Structures are given as structure tokens and as C-alpha cells.
Amino acid sequence: MKHIEKILLSKYVDGEIKKEETKKMIEDHLKVCNYCKDVYNSYININSLIKNYDVKSDENAYLAFVEKKVNFLNSKKSNFKFSFSFGIALVLIFLFSFSLTLFTTKRSISTTNKVSTTVVDKSFNNLFSEDYTSVVSTVNFGR
Amino acid sequence: MEKNNLNDEILIENFLKGDEYSFRMLFERYYDNVNRIVYSYTKNYDDAKDVTQEIFLKVYESLKSFKKKSKFSTWLYRVSVNMSISFLRKKSKEKNFFSLEEVGDFEEKFEEDKPSYDRNLAEKILFELPEKQRLAFILSQKEGKRYKEIAQILNVSEKAVEALVYRARENIKILLEKNKSM
């Protein structure tokens, strides 16, 4: 007689066989085969052994959790405070350096404007002079 | 209706609406189960307690991102398995027990801490099984999970779970025989 594969018996013990005809085939076989019946019984006995496996329960678990949660939320808050102050400091530094750059640029623009005005004035005067070469050079210089 | 009778999904919804007591219900419903899973990795009661607390803190923080693609318990067990493995990795790095190449099967090599209480026969035998067999067997027999769910938790195929549970049974048989003869 051909025996049932042990892995199939293991699945059967766990109720994991979906096909009804396979289930029926196993049940019929277990009625007539002592070897497979023994294997089946040993698997059932093993299942009862695992029922004794447990980890001792901790009565104050939730209390300990609440404590941990509070600490975690507080550290999160202080982290946020730190990041917020750090962010503010960064923005202030940026604004300061930006206004400093703006101020220096403005100053240099006004100096350039003064210089250009003088150059334009000079070239304007040259237009009315007899010296055409000077006019051309001034205009080129202007470009 | 008492809150104790509410299913996980409703408790999660209530918690997300700001009801802290619903989270307490979830905590109390699953604490022992999670602790059992973690303990089967850490083999040390105090470590298991700490990791279990960390797991619930993580769940508390990330419940908003739970997509409800699987059952809450499946998701919770998956988080538990992942965090237990990370804990062991961290601990093994700290103790520098073995090289990085051996990380894959570190759980078997991990030196056990002294248990804080006497282990019964079931525990003794279970802890002699390879880690995945042990976990698949506990999830199936103790937590009553179907192979499909175990596959999701352990991130393996259903066929692999079949084989793991079967091999666990065969190994337990051998270990029981050994134990009898001792």
C-alpha cells in the first residue's frame, strides 16, 4: 500500500487541504493504514505540546508603554524645538547676508552710475568739438 | 457595545480619530502574542519585553500609514519579526560575535542569554529548532495563523511555509525522542 506523503499529512492536520476529494482520500487511507495513522497521531501530539509554550505575562506592560510613549513624545517635541530654533537662526543669517549683499551692490551701482554720467557728459561735449576721432573713440568706449 | 468586542479595524479608526483608549485595547489584545514572537527570537525575557515595547511604540507612531492591505494582526506580526531581527543584528554587532558574512543565519549562532525563569519542555524543544521553522510553527500552532498569513509575515511563499511547518514537526519528533532517552 502506498503511504500518504508526510508533508500532506502535516497540511491535513493544520486544515490546509482545500480540495474535498484529497481530504476524503486521506481520511479513507487513515482508516486502513496504521503507519500513516501513527504519523498523524504523532503530529497531533506535537500540537498539544506547543500549547504549553508561553511567555510569562507582564501585568504592568501598558504602564511601561505609556511611560515610554511620554518620553518619546517629549524627546520629539524638544527635537522639534531645536530644529525650529535652528531654522529661525538660519533664516536670520540668510536675511542678514542678503541685505548686506544688496547694500554693497547698490553702493557699487551708484558709483558706476556716477562714472558713466561723467563719461556721457564728456562724450556729449566731444560731439560738438572738431576732433571726430575723439568722438568715435568715446562712443566706442561707451558701448 | 463594549470596546473589548470591537474588531481591530474599528479600534484603529477610533484611535486615528483621537481615542487613546482604543489603542490600549489593541495593546492588551496583542501584547502577549507579540511578546511570544519576539521572545522566540531574543530567547531572553527582558530583551523581549523591551523590543515588544518598541514595537508598540512604532505601531503607535505609524498606524496612520497602515494601508489595510492585510489584516492588522498580520501587519503587526510582520513589524514584530522585522524589529526582532533588527534587534538581534544590532546586538550581534555590539557583541561582535561573528563576521558580517554570517548575518544570514545569525539567529542560530546567537549565544543565548541566561533565561530569567525555568524553561519547560516545549520551550526547550522549540528553541532547538532553526529560527524560521520555530517561528512558522509557533505562528501556525500557537497563534492560529493560516499558511497564507504566515507567508506574508515571514515574507516567503506558501509552499515554503508548508515545508517549514512539516520540517518543524519532524524535528520536534526527533528532539522528543532524544529527550526521552536522556
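## Architecture of chain B

Along its sequence, chain B reads α-α-α-α-α-α-α-α-α. It has nine helices and zero strands; helices (H or I, at least four residues) and strands (E, at least two) are DSSP runs, numbered from the N terminus. This is a predicted model, in which local features need pLDDT of at least 70 and side-chain atom pairs count only at pLDDT 80 or more, while totals for chains, interfaces and linings use all residues. Residues are numbered from 1 along each chain as its sequence is written, and chains are lettered from A and ligands numbered from 1 in the order in which they are written.

Of the 182 residues of chain B, 35% are buried (20 or more other C-beta atoms within 10 Å of the residue's own, with C-beta atoms placed from the backbone). Among chain B contacts (C-beta atoms, placed from the backbone, within 7 Å) between residues at least 6 apart in sequence, 57% link residues at least 24 apart.

## The interface

Contacts between the chains involve 25 residues of chain A and 32 residues of chain B. On the chain A side, α1 (6–13), α3 (34–50) and α4 (61–127) each contribute at least two residues. The largest share, seven residues, comes from α4(A).

## Helix α8 of chain B

Helix α8 (residues 147–154) of chain B is largely enclosed by the rest of the structure, because six of its eight residues are buried. These are Y147(B), E149(B), I150(B), A151(B), Q152(B) and I153(B). They pack against α4 (72–95), α7 (131–142) and α9 (158–181) of chain B. Just after α8(B), N155(B) adopts a positive phi of about 60 degrees.

Note on methods: Buried ≥ 20, exposed ≤ 12 C-beta atoms within 10 Å, placed from the backbone. Contact = placed C-beta atoms within 7 Å.
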